[in-house]
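Please keep the sequence and the structure open while reading.

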Amino acid sequence: MFAFNALKMGESHVFTSTKSLQSVLYTEYENLTIGFLPTMGALHHGHLELAKKALKENDKVVVSIFVNPTQFNKTEDLENYPRDLNADLKLLKTVGDVIVFTPSVEQIYPKDYQNLEIELGNLGTTMEGEFRPGHFVGVMNVVNRLFEIVQPTKAYFGIKDVQQVAVVQFMVDQVKSPVEIVACDIIREPSGLASSSRNYRLSIDELDEAVLIIETLRFAREMAKEYLPKETRKKAIEFFNQGTLKIEYFEIVHPRTLEFIEEWVPGAIACIAGYCGDVRLLDNLQLLPKK
Ligand code: AMP
């Protein structure tokens, strides 16, 4: 009895078409606050925490599940992206009553769809942008299109993808969208590893090895007390390279512009991407307080 109550079962209403979703959002829910959580499915603990936060802060919550083809630069990654709608719906039911939107590619990108004409500059080309060319143009466009459809009051994004949050905030500012972007803390496993659907692909040994990512970030936070960013970065990379993972990048950046920094600024962030076996893992940590 107690276990049942603790796992509060909600209900999900699933919409597959833009029209049917909008017919509810723009009539019944017209005067309500709408929280929106865009996802690509393969939901885990991290997504659920964002959904819970959105449920607390809004009258209604829409969760989209859409594997956006335009943000993949490798066809095989798009094809291999895990898809299990039933499992996702089951998980969502444990957090409460959410509206699920699972559009087709044609719903999101009709024939006359035109890409946004926004130059992302450094935000689009640094770090993730360098290793995944075109990724953020895809992200920016899908988020803008989903905002057009859902017209949320607030939209929830994880700081786990800190560059994505910066790109979305930039896009919202450029198009003067009224949507409030809520940047949510990184949800971690008890080991410190950032929760991710990719973690399911790690063996038990690799799960242990992958903790090196957060250990390196924490090591950098210690080094930041004594050294400038350049030295801190060098020491953190040396620390990382003692383990078995392969580094893709480790950078210390400004929290808003994501430019590499030479001097410390409040809220400076260390961002890391690396491979554990063939699984690419991503994480970041704020090294200095915001002010
Ligand atoms: P995705 O389905 O991977 O596109 O993720 C959907 C949203 O959930 C994005 O805003 C992610 O940043 C966020 N997210 C994914 N994993 C985590 C996590 N461990 N902590 C916080 N947010 C997360």
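Predicted model: local features only at pLDDT ≥ 70, side-chain atom pairs only at ≥ 80, totals over all residues.

H10 gives the most to the lining, with six residues. By class, the lining of the second largest pocket has 13 nonpolar, six polar and six charged residues. Two domains take part in this pocket: domain 1 (6-184) and domain 2 (197-285) each give at least three residues to the lining.

## The ligand and its shell

Now to the ligand. There are 15 residues around the ligand. Those that come nearest are Met-40, Gly-158, Asp-161, Ile-187 and Ser-195.

| Residue | Protein atom | Ligand atom | Distance |
|---|---|---|---|
| Met-40 | backbone N or O | oxygen | 2.9 Å |
| Asp-161 | polar side-chain atom | oxygen | 2.6 Å |
| Ser-195 | backbone N or O | nitrogen | 2.8 Å |

How much of the ligand does the protein cover? On its own, the ligand has 490 Å² of accessible area, and the protein covers 92% of that.

Strand S2 (34-39), helix H3 (45-57) and strand S5 (154-158) each supply at least two residues of the shell around the ligand. The shell divides into six nonpolar, six polar and three charged residues.

Rolling a probe the size of a water molecule over the atoms shows where empty space is left. How many cavities of 30 Å³ or more does the count give? The count comes to two.

The largest cavity holds about 50 Å³ of space. Lys-160, Leu-193, Ala-194, Ser-196, Asn-199, Ile-213, Leu-281, Leu-282 and Asp-283 form its lining. Which strand gives the largest share of this lining? S9 does, with three residues. By class, the lining of the largest cavity has five nonpolar, two polar and two charged residues.

The second largest cavity has a volume of about 30 Å³. Its lining consists of His-13, Tyr-29, Lys-60, Val-61, Asp-97, Val-98 and Ile-99. Strand S3 (60-65) and strand S4 (98-101) each give at least two residues to this lining. Four residues in the lining of the second largest cavity are nonpolar, one is polar and two are charged.

Gln-151 is not a glycine, yet its phi is positive, at about 50 degrees. Gln-151 sits in the loop between helix H9 (135-150) and S5. S5 also supplies at least two residues of the shell around the ligand.

Where does Lys-176 lie? Lys-176 is in the loop between H10 and strand S6 (180-184). Lys-176 has a positive phi of about 55 degrees, although Lys-176 is not a glycine either.

Key:
Residues numbered from 1 in each chain as written. Heavy atoms only, no water. Helix = DSSP H or I, 4+ residues; strand = E, 2+ residues; numbered from the N terminus. Nonpolar A, V, L, I, M, F, W, Y, C, P; charged D, E, K, R; others polar. Domains from an automatic or database assignment. Near = heavy atom within 4 Å. Polar contact = N/O pair within 3.5 Å; in protein donor to acceptor, adjacent residues only side chain to side chain. Areas by Shrake-Rupley, 256 points an atom, 1.4 Å probe, with all protein chains shown as cover. 1 Å grid on protein atoms, 1.4 Å probe; cavity = no way out; pocket = protein on both sides within 12 Å on 5 of 7 lines; lining within 4 Å. Points joined across faces, edges and corners; volume = space filled by probe spheres on them.
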